[in-house]
Amino acid sequence: MENNRELPKFAVLQLSGCSGCEVSLLNSDEWIDNVNLVYMPLVVSSNKIPDDVEVLLVSGGVRTDEDIHNLRKGRSRARRLIAVGTCALSGGVAQIRDDHPAREAFLRSSHRLRLPDMLPHAYPLDRFVPIDLYLPGCPPTPELFITALTQAEDAKIASIVCQECGRKKLQDMRPASITGMRSGVTLPDICLINQGYFCVGTSTRGGCGALCTRPGHACVGCRGPANPYLYREPAFVQDNLRKVFRRMTDIPEAEINEALDSPWLSLFLDQFTDYTQDESLPLRTKDKFI
Ligand code: SF4
Ligand code: SF4
């Protein structure tokens, strides 16, 4: 797309739905060269719909107050809005509650004896069945998928992201405060921690090729804990990170703690990395992890 500036701006907003409409759109490439795709969270990393969008596609129904907010904001920034798919036109599956007639119809169907009941939590798979291979990531990179499917036995995965990052940790460059959490202006080749960014690559399993840190975005830990932390509770991982930041920086403890509690790190450090398990279950052994 060489003439991006001259092409009409095109954005895709997803409300409560399943991404099926986006996948269907992506199954055709005929539109790609005719528009400047400025926003589509599934494939474009931009986090804001620009003000002067020519066409905004909206998929999914309005199920949360955030959906209302995003829809109104999107509408105010687009010349034309196209509602796409069943959910955008009728609410779709996200509106089917206990008392919905469709639920009753499903129950009456000869193929459907009952509809699923919600469990109190979402559980990991190995609470219910044995697992042969674990592929952590949010999401795992395509290369990791291929490794899991073709050469899992011989895979050599870097133990932590730092091993793949290539940025050098310096002794004499000690930031006194946090410059940024995820991105900003960075120097090449020097560890992001030395530059005041809150990178958690020291505790995070490698294998992603340091996708974020090489171009200058701090790692948020989406690959989950490195082997030494596999069976440890989130607080242990956080303590380890505190030690790293104490050793490499002069950032006050309160600022470090605030960063550890930030939403984008909590997502992975407090929740996704809680690999501690019910002791009655078999341990996830590290040889089963890619
Ligand atoms: S930038 Fe992050 S991943 Fe890279 S060496 Fe520093 S701590 Fe490790
Ligand atoms: S957040 Fe960290 S683990 Fe996840 S892809 Fe980026 S560098 Fe890799």
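**Figure 1. Strands S1 and S2 run parallel and are joined by three bridges.** The chain passes from S1 to S2 through helix H1 (residues 20-26), a right-handed β-α-β crossover; right-handed means that, with the strands pointing away from the viewer, the path from the first strand over the helix to the second runs clockwise. Within the pair, Ala11 stands opposite Tyr39 of S2. The model shown is predicted: local features need pLDDT of at least 70, side-chain atom pairs count only at pLDDT 80 or more, and totals for chains, interfaces and linings use all residues. Residues are numbered from 1 along each chain as its sequence is written, while chains are lettered from A and ligands numbered from 1 in the order in which they are written. Helices (H or I, at least four residues) and strands (E, at least two) are DSSP runs, numbered from the N terminus, and two strands pair if DSSP finds at least two bridges between them.

**Figure 2. Strand S1 (residues 9-14) is largely enclosed by the rest of the structure, because six of its six residues are buried.** A residue is buried if 20 or more other C-beta atoms lie within 10 Å of its own, exposed if 12 or fewer, and partly exposed in between, with C-beta atoms placed from the backbone. Lys9, Ala11 and Leu13 point one way from S1, whereas Phe10, Val12 and Gln14 point the other way. S1 also runs parallel to S3, to which five bridges join it. In that pairing, Leu13 has Val58 of S3 as its bridge partner.

**Figure 3. Four strands form an open sheet in the order S2-S1-S3-S4, with parallel pairing.** At its edges lie strand S2 (36-39) and strand S4 (78-84), each of which pairs on one side only. On average, neighbouring strands of the sheet are turned by 25° against each other, direction ignored; the axes are lines fitted to C-alpha atoms, for helices over the stretch in contact, and angles run from 0 to 180 degrees between N-to-C directions. Strands of a sheet pair through backbone hydrogen bonds, either parallel or antiparallel.

**Figure 4. Strands S3 (residues 53-59) and S4 pair in the parallel sense over six bridges.** Val55 has Arg80 of S4 as its bridge partner, and Leu56 is likewise partnered with Leu81 of S4. From S3 the chain crosses to S4 through helix H2 (residues 65-77), and this β-α-β crossover is right-handed. Five of the seven residues of S3 are buried, so S3 is largely enclosed by the rest of the structure.

**Figure 5. The shell of ligand 1 comprises 14 residues, the closest being Cys162, Cys165, Cys191, Cys199 and Gly201.** A residue is near a molecule or strand if its C-beta atom, placed from the backbone, lies within 6 Å of it. By class, this shell divides into nine nonpolar, three polar and two charged residues. Ala, Val, Leu, Ile, Met, Phe, Trp, Tyr, Cys and Pro count as nonpolar, Asp, Glu, Lys and Arg as charged, and the others, Gly among them, as polar.

**Figure 6. Residues surrounding ligand 2 include Cys208, Cys212, Cys219 and Cys222.** Also among them are Val161, Thr204, Thr213 and Arg223. Eight nonpolar, three polar and one charged residues make up the shell around ligand 2.

**Figure 7. Tyr229 occupies the loop between helix H6 (162-165) and helix H7 (234-248).** Tyr229 is buried because 20 other C-beta atoms lie within 10 Å. With 8 other C-beta atoms within 10 Å, Asp189 is exposed, and its phi is near 75°, a positive value in a residue other than glycine.

**Figure 8. A cis peptide bond joins Cys138 and Pro139, with omega about -5°.** Pro139 is placed in the loop between helix H4 (101-108) and helix H5 (142-150).

**Figure 9. Ser19 has a positive phi of about 75° although it is not a glycine.** This residue is found in the loop between S1 and H1. Ser19 counts as partly exposed, because it has 13 C-beta neighbours inside 10 Å.
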